[in-house]
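Hi there,

Here is the structure I promised to pass on to you. Have a look at it first, and then read on for what turned up.

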Amino acid sequence: MISQHGGKMSPVRVFIFIVLLAALISISYVVSGQLFKFGGMVITAFAASDGMPVGDGAAPASADVMLKLVPVFNGLAIILTIALTILTVRWYIGTKAEERATFLKKMFLYEALVIGVVVVLFPFFWMLCTSFKPSGQELIINKSNPFDIVPSEPTLQNFKKVLKIDAASVAMASEDPIEQKKNFGTYFLNSLLVATTAAFLVTLFASMGAYVFSKKELPYKQQIFMLLLATMMIPGMMFMVPQFFMICQMGMFGTKWAMFLPHLASVFGIFMLKQFMDTIPNSLLEAAQIDGASEWQVFRVVIVPLAFPIILTLFLLTFLFHWSNFLWQLIVTNFENPLSITLPVGLALFRGQYTSELGLIMSASCFSIVPIAVLFLFAQRYFIEGMTQGAVKE
Amino acid sequence: MDEKKIIIVAIIAYLALVFVCWDDSIDKTRDGRTILAFWHTYNDLEEKILKDVIKEWEAQNASFTIRPVRIPFDGHKPKLRTALTVGQGPDMARVDWSFVCELARKNAVVDLETFNFSQIRGQYLKAPLETGLIDGKYYGIPDQTTCVAMFYNKKMFVDAGLDPMVPPTWEKFIEVGKKLTDSSRGQYAFAMSNTLWWNLPFFNTFGAKIISADGKKSELNSDKAIAALELMASLVNEHKIEAGAWRPGAISPEQGFVNGKYAMILMGPWNLAKFNNTKMDYGVGLIPAGPAGTSTNVGGTDTVIFKHSPYAKECYDFLTFFTNAKNQARWCSELNQLPINLGAYDLVEFENEHLKTFMEQMKHARVNPVVTSYGLLEDMVNPEMEAVLSGQKTAKEALTSAAAKIEERILNQ
């Protein structure tokens with residue numbers, strides 16, 4: 001058959017289109033089905049826990065509702081998939097024959113990207129789903145559909161336990177004022193404070209140090225820098241006990257200062273920033289000096305704005321390090337005082353000798369990834385820029 | 001909102017956070033009583049009962065107060081090591097059974113005979129008690145114990161036309177296992193882990209010892225131990241009734257069991273409540289008997305008193321009160337746990353049938369290998385066991401090599 005534009009209707013092309021369409025249909029059905037079910041599940045979990053006595057009794061009610069809603073989720077997924085299929089087919093037919101190869105390439109690209117997104121986001125989706133599962137159901141795989149990981153008996157118990165607003169915790173907390181503070185909110189704020197302060201101070205000190213090593217003349221500069229770098233070769237574990245001893249001698253055991261004070265001098269940070277600052281032309285500094293800028297002004301007006309992406313990268317890396325630094329924070333935590341417990345240490349309290357409460361850990365993790373996600377969303381442009389710039393030096 | 005505004009808002013939020021949350025001082029009750037710090041790793045429910053027991057003890061000891069401090073189990077060893085190094089340790093602590101030996105040999109904990117422990121020691125179950133026996137002296141009072149038993153999926157037994165019960169001997173186990181296994185459907189009779197602790201039941205049913213009684217030699221290369229490991233390997237290679245759950249990345253025994261893939265697994269009582277929530281029909285039976293009868297391993301924790309505490313006597317008094325028959329009976333009935341006090345065995349009435357099986361299984365438990373560094377022992381044995389299971393070595397070669405390594409790197413250090 002010859003089309004009006006003169007191009008041939010290639011059977012190979014049609015075959016590829018059908019294969020891609022089949023892939024599109026299955027991806028769309030599975031993904032949208034799960035997403036619809038997840039949305040319904042969250043609403044059901046909230047609705048079922050309202051007005052219900054807080055306890056295990058909430059589970060069967062939500063299970064009933066979920067069972068009734070199954071046709072709705074499936075229906076919605078089917079409607080969406082059919083709509084998408086019709087749209088794609090019309091689109092394909094509407095495309096000029098000579099552009100159809102490009103269309104197929106694009107379609108393939110988008111499908112591959114969607115699969116990539118699914119693979120990357122799957123662990124987070126699993127985390128969200130598991131946090132709604134009642135204890136004991138975390139590891140069960142749906143027999144009829146192994147891809148179905150959305151719980152069919154959703155419960156808010158895990159979130160309530162983590163935030164200590166379930167009945168048992170409330171009763172316990174009313175007896176003891178210290179007990180009241182032992183909750184996820186306290187740990188979260190402690191960690192936020194520790195990580196932010198540490199990240200800010202580290203970037204401040206490291207950028208000043210890097211400026212000196214990069215742009216200033218001082219005797220034995222190279223040797224001192226090499227000496228500093230040499231300390232990176234020694235594993236941090238070796239310093240732990242002496243550092244802990246010093247912290248105790250300084251009377252800082254169990255305080256927020258203890259959580260990050262020994263890590264404020266970051267050789268890695270100085271190294272990373274220096275490598276970047278070496279690329280800033282000296283003429284810029286000289287120009288500023290000729291205009292009458294003081295040493296501090298040169299640093300603040302020329303160096304910091306130019307090195308901002310890399311400084312922000314260091315900020316993020318330091319924040320991440322302190323946000324998840326378990327061992328050191330565990331050692332300096334004073335467990336008698338919940339105000340000194342940070343998030344990584346608080347999360348570890350959910351694990352016992354043989355058991356891990358997966359549901360509790362996952363619901364706590366849902367909260368704990370929020371600051372990191374927010375920081376990355378806000379700063380990812382700089383972050384990626386900074387990572388690549390710091391990595392290579394011409 | 002442009003970026004500058006976002007930064008300003010972030011800075012204001014941060015400063016507000018500093019003002020509200022930086023202060024970490026906390027009001028403590030000061031009523032003149034001496035404080036005894038007890039570092040424990042209990043969970044919420046356990047901690048609640050612990051506090052009740054403390055109240056009762058304080059009623060009899062008016063000049064002391066016990067402060068229970070919860071630390072995460074995952075980090076309790078490094079936490080205690082570092083705290084003791086700088087003299088910040090507690091008066092007493094609850095530690096993993098395998099940690100007592102290290103603490104005792106490093107001279108950190110009190111020999112309980114100072115307080116005539118021998119007079120009351122008979123009230124504790126032997127296997128958990130002996131985890132605190134180091135170089136002939138007792139250093140730890142057991143406070144919680146567990147062991148593993150054989151869990152089985154009743155439905156899978158019925159589907160295979162079998163009576164739902166754990167076979168009484170390993171020979172029967174293999175026989176039944178062949179009927180339960182259908183590898184084409186990914187269904188297996190048994191699944192095991194590859195760590196020494198989880199596989200101690202095999203060695204124990206053969207009467208094999210890992211470390212000799214005097215603690216100077218490894219008896220892992222004895223005929224009994226070799227026979228035990230040969231049995232394990234035959235389940236995998238010869239009879240093919242084991243699922244290979246010990247391989248890295250395989251479906252874990254627990255996950256395979258709750259999903260109806262594995263008919264039998266070794267598991268402890270800590271998962272009973274969880275498994276009940278799965279609504280599967282399962283049972284618990286005694287581990288099949290070997291030449292030395294049925295047997296199992298010992299898990300759980302011991303409590304220790306630290307040498308630097310000036311109030312060791314009071315700590316001892318509290319810990320023995322905490323683990324007496326009455327308190328153990330209450331602890332175990334409310335939490336569905338196995339008692340460590342023999343007196344409590346008569347007082348506890350479990351509604352849960354499975355727990356009764358565990359109590360019976362616990363009576364047949366044999367003492368675990370007690371060494372300074374139990375983690376290292378696992379590191380020595382596990383790769384050798386894996387080599388046998390995957391058919392790279394014979395049991396004799398592997399265990400001879402493991403025994404030599406244990407003697408060189410752990411016992412003769």
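A residue is called buried here when its relative accessible area is under 20%. Please keep in mind that this is a predicted model.

By that cut-off, 44% of the 394 residues of chain A count as buried. Chain A has 18 helices and zero strands. Among its contacts with a separation of 6 or more, 77% are between residues 24 or more positions apart. The accessible surface of chain A is about 20,800 Å², and carbon and sulfur atoms hold 72% of that.

Next, the interface. Chain B brings 50 residues to the contact and chain A brings 53 residues. Together the two chains bury about 4,600 Å², with 62% of it on carbon and sulfur atoms. There are two salt bridges between chain B and chain A. One of them pairs B:K279 with A:E153, where the closest N and O atoms are 2.7 Å apart. The count of residue pairs in polar contact across the two chains is eleven.

Which parts of chain B each supply at least two residues of the side that touches chain A? They are the helices α1 (3–21), α2 (44–60), α3 (76–85), α11 (253–258) and α12 (272–277), plus the strands β2 (64–70) and β11 (299–305). The largest share, seven residues, comes from α1(B). Sorted by class, this side of chain B has 20 nonpolar, 14 polar and 16 charged residues.

Helix α3(B) deserves a look of its own. Its buried residues are B:H76, B:K79, B:L80, B:T82 and B:A83. These residues pack against elements of both chains: α9 (237–249) and α15 (326–332) of chain A, along with β1 (34–40) and β3 (92–96) of chain B. After α3(B) comes B:G87, which has a positive phi, near 75 degrees.

One more spot for you to find in chain B is B:N153, in strand β7 (residues 149–153). Is B:N153 buried or exposed? B:N153 has a relative accessible area of 6%, so this residue is buried. The B:N153 side chain reaches the backbone nitrogen of B:K155 at 3.1 Å. Beyond its neighbours within four places in sequence, B:N153 is in contact with B:F257, B:G260, B:Y262, B:A263, B:M280 and B:D281.

Happy browsing, and do write back with any questions.

Best wishes

Notes
Residues numbered from 1 in each chain as written. Chains lettered and ligands numbered in written order. Predicted model: local features only at pLDDT ≥ 70, side-chain atom pairs only at ≥ 80, totals over all residues. Heavy atoms only, no water. Contact = heavy atoms within 4.5 Å. Buried area = accessible area lost by both parts, 1.4 Å probe. Salt bridge = Lys/Arg side-chain N within 4 Å of Asp/Glu carboxyl O. Polar contact = N/O pair within 3.5 Å; in protein donor to acceptor, adjacent residues only side chain to side chain. Helix = DSSP H or I, 4+ residues; strand = E, 2+ residues; numbered from the N terminus. Nonpolar A, V, L, I, M, F, W, Y, C, P; charged D, E, K, R; others polar. Buried < 20%, exposed > 50% of the residue type's maximum accessible area, 1.4 Å probe, protein only. Areas by Shrake-Rupley, 256 points an atom, 1.4 Å probe, with all protein chains shown as cover.
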